[in-house]
Amino acid sequence: MGLALLGCVGALKELRCLLGLYFGMLLLLFATQITLGILISTQRVRVERRVQDIVLEAIQNYGADPEETAAEESWDYVQFQLRCCGWYSPQDWFRVRVLRGNGSEAHSVPCSCYNSSEATNDSAVFDKIIFPQLGRFGPRARPRHSTDICVVPANGHIYREGCAQSLQKWLHNNLISIVGICLAVGLLELGFMTLSIFLCRNLDHVYYNRLARYR
């Protein structure tokens, strides 16, 4: 918005310095986007490994600090939206200390792993899961200092696919849309840069015509 306001003021007031600043910032933004695209495509393995480490660390520290729930709520939202559980499989949650059952108990997973479409007749479990962390439009923050974590049995109706596979499927299915949006944004930036240079060059003719009127 600030960049757009800068370009509008420069065009309306015919200020070459603002138009030049607008062009420079657009050029810097465009170059940054191109650089990030190249880095992501060439360093894809390192990026995937880094994302994997971040996700597995968030899973391992799930529920460890009741005051720090942002990462947990974000990951719950990802699982809820992508209909997946864990990074590779639900077994990723079995190593979490707060979810680990004892010898007589089955392993548990967060409620965001619960597959309600397979449990339409399982009213007992469904009534137990009111999804305190998940609302209709996204994650709800757990009250601070609260140690209550919504969990369901791992041997129940849960998503069996890991989020790594679900994310790859989502990217594959939406690849054309993502590339189209990126190209559209790039073309818009190039168009605005061209317009700003065109206005800067035309300002010389405008100033010359104004001076000629006063002669």
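## Close-up views of a predicted model

**View 1. Two stretches carry a UniProt annotation.** The unreviewed UniProt entry marks residues 20-40 and 175-199 as "transmembrane region". The structure shown here is a predicted model. In it, residues 20-40 are 100% helix and 0% strand.

**View 2. Helix α4 crosses helix α6.** Two packed helices are described by the angle between their axes and the distance between the axes. Helix α4 spans residues 70-82, and helix α6 spans residues 163-173. Their axes come within 10 Å and cross at roughly 60°. That angle makes α4 oblique to α6. The crossing is left-handed.

**View 3. Side by side: the residues where α4 meets α6.** From α4, the contact uses W75, Q79 and L82. From α6, it uses C163, S166, L167 and W170. Of the residues in this contact, 5 are nonpolar and 2 are polar. None is charged.

View 4. Is Q79 buried or exposed? Its relative accessibility is 0%, so Q79 counts as buried. Which residues does Q79 touch, leaving out those up to four places away in sequence? They are C84, C85, G86, W93, S112, C113, Y159 and C163. One of these, C163, belongs to the α6 side of the contact with α4.

Note on methods. Residues numbered from 1 in each chain as written. Predicted model: local features only at pLDDT ≥ 70, side-chain atom pairs only at ≥ 80, totals over all residues. Heavy atoms only, no water. Axes fitted to C-alpha atoms, helices over the stretch in contact; angles between N-to-C directions. Helix = DSSP H or I, 4+ residues; strand = E, 2+ residues; numbered from the N terminus. Parallel < 35°, antiparallel > 145°, perpendicular 65-115°, else oblique. Left-handed = near helix turned anticlockwise from the far one by under 90°. Contact = heavy atoms within 4.5 Å. Nonpolar A, V, L, I, M, F, W, Y, C, P; charged D, E, K, R; others polar. UniProt positions renumbered as here; feature names shortened; annotations may be inferred. Buried < 20%, exposed > 50% of the residue type's maximum accessible area, 1.4 Å probe, protein only.
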